[in-house]
Amino acid sequence: MKPILKLYRGYANEQELIVMGHVFKPTTLEEYNFQKKNLKNATSVIKMFQMKTQANADVYLELNGSKIHTKTLDDGYFKFCIPLDPSSNYGWIDYEVSMTYEKETIIKKESYIRPHKGNLGIISDIDDTFLVSYTFNPLLKLYVLLFKNINKRKIYDDVVTHYQALSTAGRNNESEFNAFFYVSSSEWNLYRFIINFTAIHKLPKAVLLLKDIKSSLTDFFMTGRGGHNHKFEKIKHILEFYPNLEYVLLGDDSQHDPYLYESICKIFPVTVKAVYIRQTGSSKKEKVASVLNNLTSLNVAVCYFKESSEAISHSKSIGIIN
């Protein structure tokens, strides 16, 4: 058996490339099977949280004819932050990472985005923002994760229309897209599920920034929970990494998104253009409405909506989309 090398979508600006992944120890566990049903799906999901990571493994990034070496961290995670030639291409660009095991070379390919010069970056939460997850009910959320396979998981009406419009907003060239990021409190264990789910529903291709990987059953039962400082730091990093973009932030009111976004708007008073918060309960939350009112005083357009059709109308009314 060989170690398992996993790559994630990366991202680049004018000066720097960031790509990342994990190395897992050899295992007899099967990869998550997206077609399994009921108990078989539950078993498959749980196995995603039992993969053991490989610390200090040697990994190599092939870039512009050179081979760059690093090692995985204690949790098997690796990250290359590499100076980039200003003359590099734009759009989605392939990259390659390899490792050697018992004289055999293991090679994986992924892509990173270097956004075409433009004016919009979109950052969206996942659970209960576009993927129906029932975060407000932990037992129901766990049941859905375990017993509903990828084909049974639901997406909100019109959310794809809204996201696709945001992805091409301000772009005259059909092959160019705005930078899209999905930032979540879900862990890297769920990366393949999210990638496949977004592809099935034709949501924009995006960079995913998730929480540290989990590798035990106890961790599984806490999935998506705990501190939200990770999301704040990831969003702050994106806005610092691409300071010349204007941003649209999308989230929901089931957890901490409104308060995270308020903090981000206060730190970046020029670059956040609009904030969208999905209402997940039967009525709007007073605290959330208060936060959004506060954002309007910072000249941020806000929309607290139940249906994505409302968000689409709002985006048209402020001129973000046509």
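Of the 322 residues of the chain, 52% count as buried. This figure, like all those that follow, comes from a predicted model. The chain is built from nine helices and 13 strands. A compact globule of 322 residues would have a radius of gyration near 20 Å, and the chain agrees with that expectation, at 20 Å. Its C-alpha trace spans about 60 × 50 × 30 Å along the principal axes.

Seven strands form an open sheet with mixed pairing, in the order β4-β3-β6-β7-β1-β2-β5. The edges are taken by β4 (66–71) and β5 (77–83); each has a single partner strand, so one side of each is left without a neighbour in the sheet. From one strand to the next, the twist averages 25 degrees. In general, strands of a sheet pair through backbone hydrogen bonds, in either a parallel or an antiparallel arrangement.

Helix α4, covering residues 191–200, lies across β1 (4–12) and β7 (104–114). The direction of α4 is at about 55 degrees to β1.

The axes of α6 (residues 229–241) and α7 (residues 257–267) come within 10 Å and cross at roughly 35 degrees. This crossing of α6 and α7 is right-handed. On the α6 side, the contact is made by Lys 231, Phe 232, Ile 235, Lys 236 and Leu 239. Helix α7 contributes Asp 257, Leu 260, Tyr 261, Ser 263, Ile 264 and Ile 267. Sorted by class, the contact of α6 with α7 has seven nonpolar, one polar and three charged residues.

His 314 has its place in helix α9, which covers residues 308–317. Is His 314 buried or exposed? Its relative accessibility is 15%, and buried means under 20%, so His 314 counts as buried. Leaving aside neighbours within four places in sequence, His 314 is in contact with Tyr 276, Ala 301, Val 302 and Cys 303.

Key
Residues are numbered from 1 along each chain as its sequence is written. This is a predicted model: local features need pLDDT of at least 70, side-chain atom pairs count only at pLDDT 80 or more; totals for chains, interfaces and linings use all residues. Side-chain values use heavy atoms; hydrogens and water are left out. Two strands pair if DSSP finds at least two bridges between them. Helices (H or I, at least four residues) and strands (E, at least two) are DSSP runs, numbered from the N terminus. Axes are lines fitted to C-alpha atoms, for helices over the stretch in contact, and angles run from 0 to 180 degrees between N-to-C directions. Contact means heavy atoms within 4.5 Å. A crossing is left-handed if the near helix is turned anticlockwise from the far one by less than a right angle, and right-handed if clockwise. Ala, Val, Leu, Ile, Met, Phe, Trp, Tyr, Cys and Pro count as nonpolar, Asp, Glu, Lys and Arg as charged, and the others, Gly among them, as polar. Buried means under 20% relative accessible area, exposed over 50%, partly exposed in between (1.4 Å probe, protein chains only). The radius of gyration is taken over C-alpha atoms; the globule rule is 2.2 Å times the number of residues to the power 0.38.
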